[in-house]
Amino acid sequence: MKNILEIHDVRKYFPVKSTISSLFNPGKRIYKKALDGVSLHIPEGRVSVLVGESGSGKTTLARIILRAIDPDTGSIIFNGSNITRKTGKELLSFRKQAQMIHQDPYSSLNPLMKVFDIIKEPIDIFYKYYSKEERIKKILTVLNDVNLKPAGEFAEKYPHMLSGGERQRVAIARALVIEPKLIIADEPVSMLDVSIRAQILQIVRQLSINRKITVFYITHDLATSRYIGDEISVMYAGKIVESGQIDRVLSNPLHPYTQALLDAISEPRFDNIDKQKVIRIKNFDSAPAESGCRFFNRCPYSMEICKKEPILETKEQNHKVSCFLYDKNENGVQLSNC
Ligand SMILES: Nc1ncnc2c1ncn2[C@@H]1O[C@H](COP(=O)(O)OP(=O)(O)OP(=O)(O)O)[C@@H](O)[C@H]1O
Ligand SMILES: [Mg+2]
């Protein structure tokens, strides 16, 4: 299967301006390691999920892919072309092919513009040569595609006249209208009422299938990811700790962090989404380790060897995990399979 996007060993460290510890170490710069060597492959035409708790680096990765910020090191390959440092026309051409749907449908749409003009804006940028009739036809078609019907009526409304779910559909229509190859959806349903989350995800999934659009779906919520995804990558403290085909990973989670996330949702169903989630792990509040396995402080299985850096390795059929539990000891015997 062809990969539309390849992320190779991307790092992004943000300087931390002033902390208590910097008072005791004047002159020593302190960094937040938002991404610490992330490598990912996203197959074309599929829905790939990135799951991880708050602060694990998900949005930073999305912003780097879309070239909103530059990585410190590493590279982004889109459709076979290295776009990591592209500028000018080449960057514009990439931006036409990769669109973002944001978490907050209330702030992502200009309140002073009608839906028609909101969706027309990207056409004006990327398809300047379209006639007026072509623009109108495209806008009405895309509104129909996201189930905002009658499209003519919705086109005339302002964002304040729409529900949260309708706004998010406008945001999806806006992303779709320029026919991108890749859509990055960063927590697109987390601010919506539970009852309409499934509808929005269904629309995104259908669009991916019907229009052969690759979707990179970012969430902190495993329950919704099973519903929409084909592949999944699990992120912890700026590192991918497990990845693979979604049913395989969720039915046989290898990394203790993925296991803890799954434990927290007894049954991944929509009516479970807002239940209080208790991640059953050791030292729930401890911060990620600075080196070695970042999950060390919270892992119920941590061993001496986990102070070394684990590598994300394939265990079976594209199912990768970065955990010493699956290493062989000096006798060639696997320590544990949890
Ligand atoms: N511009 C920035 N300057 C400094 N630190 C930043 C910046 N952007 C992100 N960070 C830090 O990097 C880490 C990762 O942030 P990021 O927004 O990528 O997390 P996330 O996984 O998207 O979290 P959430 O689920 O809450 O959206 C966080 O600790 C955050 O505070
Ligand atoms: Mg985020």
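Trainee: Which order do the strands of the open sheet have?
Mentor: The open sheet has eight strands in the order 6-7-8-3-9-10-12-11, and the pairing is mixed. Two strands pair if DSSP finds at least two bridges between them. Helices (H or I, at least four residues) and strands (E, at least two) are DSSP runs, numbered from the N terminus.

Trainee: Which strands stand at the edges?
Mentor: Strand 6 (98–101) and strand 11 (313–316). Each has a single partner strand, so one side of each is left without a neighbour in the sheet. Neighbouring strands of this sheet are turned by 20 degrees against each other on average, direction ignored.

Trainee: Before we go on, what kind of model is this?
Mentor: This is a predicted model: local features need pLDDT of at least 70, side-chain atom pairs count only at pLDDT 80 or more, and totals for chains, interfaces and linings use all residues. Residues are numbered from 1 along each chain as its sequence is written, while chains are lettered from A and ligands numbered from 1 in the order in which they are written.

Trainee: Okay, strand 9 next. How many of its residues are buried?
Mentor: Six of the six residues of strand 9 (residues 231–236) are buried, so the strand is largely enclosed by the rest of the structure. A residue is buried if 20 or more other C-beta atoms lie within 10 Å of its own, exposed if 12 or fewer, and partly exposed in between, with C-beta atoms placed from the backbone.

Trainee: Which residues are on each side?
Mentor: E231, S233 and M235 lie on one side, and I232, V234 and Y236 on the other.

Trainee: And in which sense does strand 9 pair with strand 3?
Mentor: Strand 3 (residues 47–51) pairs with strand 9 in the parallel sense, over four bridges. There, S48 stands opposite E231, and L50 stands opposite S233.

Trainee: What about strand 10?
Mentor: Strand 10 (residues 239–245) pairs with strand 9 in the antiparallel sense, over six bridges. M235 has I240 of strand 10 as its bridge partner. The hairpin of these two strands has two residues between them, and A237 takes a positive phi near 50 degrees there.

Trainee: Changing topic: how do helix 4 and helix 7 cross?
Mentor: The axes of helix 4 (residues 115–126) and helix 7 (residues 164–176) come within 8 Å and cross at roughly 30 degrees. That makes helix 4 roughly parallel to helix 7. Axes are lines fitted to C-alpha atoms, for helices over the stretch in contact, and angles run from 0 to 180 degrees between N-to-C directions. Angles under 35 degrees count as roughly parallel, over 145 as roughly antiparallel, 65 to 115 as roughly perpendicular and the rest as oblique.

Trainee: Which residues meet there?
Mentor: From helix 4, V115, I118, I119 and P122 meet V170, A173 and R174 of helix 7. Residues are in contact if their C-beta atoms, placed from the backbone, lie within 7 Å.

Trainee: Last one: is M1 buried or exposed?
Mentor: M1 is exposed, with 9 other C-beta atoms within 10 Å. This residue sits in the segment before strand 1 (3–16).

Conventions
Contact = placed C-beta atoms within 7 Å.
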